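Biologist: Please take me through the aromatic residues, the nonpolar core and the sheet of this model.

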Amino acid sequence: MTKQIWLNLPVKDVAKAKDFFWKIGFSFNEQHDTPSSTCMVVGEGHFVVMLFEEMLFSSFSQNSITDTKSSSEVLISIDAESREEVDELAEKVKQAGGTVFAPPAESQGWMYGCGFADLDGHRWNVLFMDFSKLPD
């Protein structure tokens with residue numbers, strides 16, 4: 001049975017994408033680096049996000065790459081441990097050259113989050129969920 005899942009994303013420039021994600025706090029398993037790919041590790045569960053140069057990605061996906069300026073194929077959601085962590089990540093994204101398309105804000109009285117796009121336009125959602133405020 002399946003033991004692990006990972007996400008593959010196309011990027012225009014692996015080095016620039018790696019630098020962006022490094023600046024906002026993600027880590028990498030550099031044992032899996034090649035000139036056209038890198039292995040990003042997300043969270044305590046070590047969820048793997050492989051970043052592949054677009055040409056390589058399209059060669060094994062056998063499909064065209066989504067134009068992230070006009071559409072989204074996926075929204076990647078990650079958790080935060082506090083409202084402050086959401087705010088800090090949004091600021092790091094801006095400083096690293098990404099776009100915060102949904103500034104940090106409260107939602108439904110128990111969630112606090114923001115949305116950002118990385119250098120290649122992939123959309124990410126960061127949420128702090130305060131379950132003590134979850135309505136009955």
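**Rings, core and sheet**

Modeller: Ring pairs join Phe20, Phe21, Phe26, Phe116 and Trp124 into a cluster; rings of Phe, Tyr and Trp (its six-membered ring) pair if their centres lie within 6.5 Å. This is a predicted model, so local features need pLDDT of at least 70, side-chain atom pairs count only at pLDDT 80 or more, and totals for chains, interfaces and linings use all residues. Residues are numbered from 1 along each chain as its sequence is written, and side-chain values use heavy atoms, with hydrogens and water left out.

Biologist: What kind of aromatic pair do Phe52 and Phe60 form?

Modeller: Planes under 30 degrees apart count as stacked, over 60 as edge-to-face and the rest as tilted. Phe52 and Phe60 lie 4.9 Å centre to centre with 75° between the planes, so the pair is edge-to-face.

Biologist: Is Phe52 buried or exposed?

Modeller: Buried means under 20% relative accessible area, exposed over 50%, and partly exposed in between (1.4 Å probe, protein chains only). Phe60, at 39%, is partly exposed. Phe52 has a relative accessible area of 12%, and therefore counts as buried.

Biologist: Which ring does the charged end of Arg83 sit over?

Modeller: A charge sits over a ring if NZ of Lys or CZ of Arg is within 6 Å of the ring centre and within 35 degrees of the ring normal. Arg123 lies over the face of Phe101, at 4.0 Å from the ring centre. For Arg83, the charged end is 4.0 Å from the centre of the ring of Tyr112.

Biologist: Which residues touch the most other members of the largest nonpolar core?

Modeller: A nonpolar core is a set of buried Ala, Val, Leu, Ile, Met, Phe, Trp, Tyr and Cys residues joined through side-chain atoms within 4.5 Å. The largest has 28 residues, and those touching the most other members are Phe21, Ile24, Phe116 and Trp124.

Biologist: In what order do the four strands form the open sheet?

Modeller: Strands (E, at least two residues) and helices (H or I, at least four) are DSSP runs, numbered from the N terminus. Two strands pair if DSSP finds at least two bridges between them. S3 and S4 run antiparallel and are joined by six bridges. The pairing in the sheet is mixed, and the order is S1-S4-S3-S2.

Biologist: Which strands are at the edges?

Modeller: An edge strand here pairs on one side only. The edge strands are S1 and S2 (27–28).
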